[in-house]
Amino acid sequence: AQIARLRQENPDILERLRTTFDPPERIEIVLDLSGSMSLPVPGVVPPHSRLAYVQNELGRYLTALPDRTLVSLRVFGTGACDPSTLLVPSAPLDAAGRTGLLTRVRNLRPQGATPLARALREAGASLGSSPGTILLLSDGGDSCEGADAVCAAAREIAARSGGHIRVDLVRLFLGPAERAALMCVPQATGGRLVDLDRPVDGGLTRSLFDLVPLRVGIALLVI
């Protein structure tokens, strides 16, 4: 009876409690627009690029996320080792926000270099000390500062966040040497690792949901 009266006097009480004790997930998507993302995906007919494959799979992922999810969109690789750009600030995935975000993702085009270490540092800074996950999808190593800088950026994220931010890594169509160079990223941050060698329809979408539990605050880094 007391609960019924409380709900009658405060109709939004359950939503307020849920928001307080089960805060919305926070996802920052950072997409790699480097030139290598324009390369064709092997074994696909009709041919399409790596970025086109990621755009399609990421679109499915965004469509399936809960409305309360806070999502922002950051891109990098638009020039010669330039800083990343925040295209869409963090906002809930309501109908308008979801449509706008999907449109932005579909309209992106590959362009420049691969400042991977810089993108990692900026993604970590955007999360600050809040718990979360950076989901890193990479089709190559850092072409600006090198592999050591990538590992240093991962260690910096772990140290600054006190272990509250992890980096999960999806390696896209990488050879053995490139894979080895990026192993330090999940290792330094307590993250997890997935290798995507074949462009299975829906495969990347399933990997994203497997890596990132929907009850955790997230920053999503797609490189």
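**Exercise 1.** In this predicted model, is the crossing of H3 and H9 left-handed or right-handed? Determine also how the two helices are oriented to each other and which residues make their contact.

*Solution.* Two packed helices are described by the angle between their axes together with the distance between those axes. For helix H3 (residues 50-64) and helix H9 (residues 203-211), the angle is about 50 degrees and the axes lie 8 Å apart. Angles under 35 degrees would count as roughly parallel and those of 65 to 115 as roughly perpendicular, and H3 and H9 are therefore oblique to each other. Their crossing is right-handed. H3 brings Tyr53, Val54, Glu57, Leu58, Arg60, Tyr61 and Ala64 to the contact, while H9 brings Gly203, Leu204, Thr205, Leu208 and Phe209.

**Exercise 2.** Compare the span of helix H5 with the expected one, and state which of its residues are buried.

*Solution.* Helix H5 (residues 116-127) has 12 residues, and at 1.5 Å a residue the expected span is 16 Å; the model gives 17 Å from the first C-alpha to the last, which is close to that value. The buried residues in H5 are Leu116, Ala117, Ala119, Leu120, Glu122, Ala123, Gly124 and Leu127. Just after H5 comes Gly128, whose phi is positive, at about 65 degrees.

**Exercise 3.** Locate Gly141 and describe its surroundings.

*Solution.* Gly141 sits in the loop that runs between strand S4 (132-138) and helix H6 (147-161). Its relative accessible area is 32%, so Gly141 is partly exposed. Neighbours within four places in sequence aside, Gly141 is in contact with Thr114, Leu116 and Glu178. From C-alpha to C-alpha, Gly141 and Leu182 are 7.2 Å apart in space, although 41 residues apart in sequence.

Key. Residues numbered from 1 in each chain as written. Predicted model: local features only at pLDDT ≥ 70, side-chain atom pairs only at ≥ 80, totals over all residues. Heavy atoms only, no water. Axes fitted to C-alpha atoms, helices over the stretch in contact; angles between N-to-C directions. Helix = DSSP H or I, 4+ residues; strand = E, 2+ residues; numbered from the N terminus. Parallel < 35°, antiparallel > 145°, perpendicular 65-115°, else oblique. Left-handed = near helix turned anticlockwise from the far one by under 90°. Contact = heavy atoms within 4.5 Å. Expected span 1.5 Å × (residues − 1). Buried < 20%, exposed > 50% of the residue type's maximum accessible area, 1.4 Å probe, protein only.
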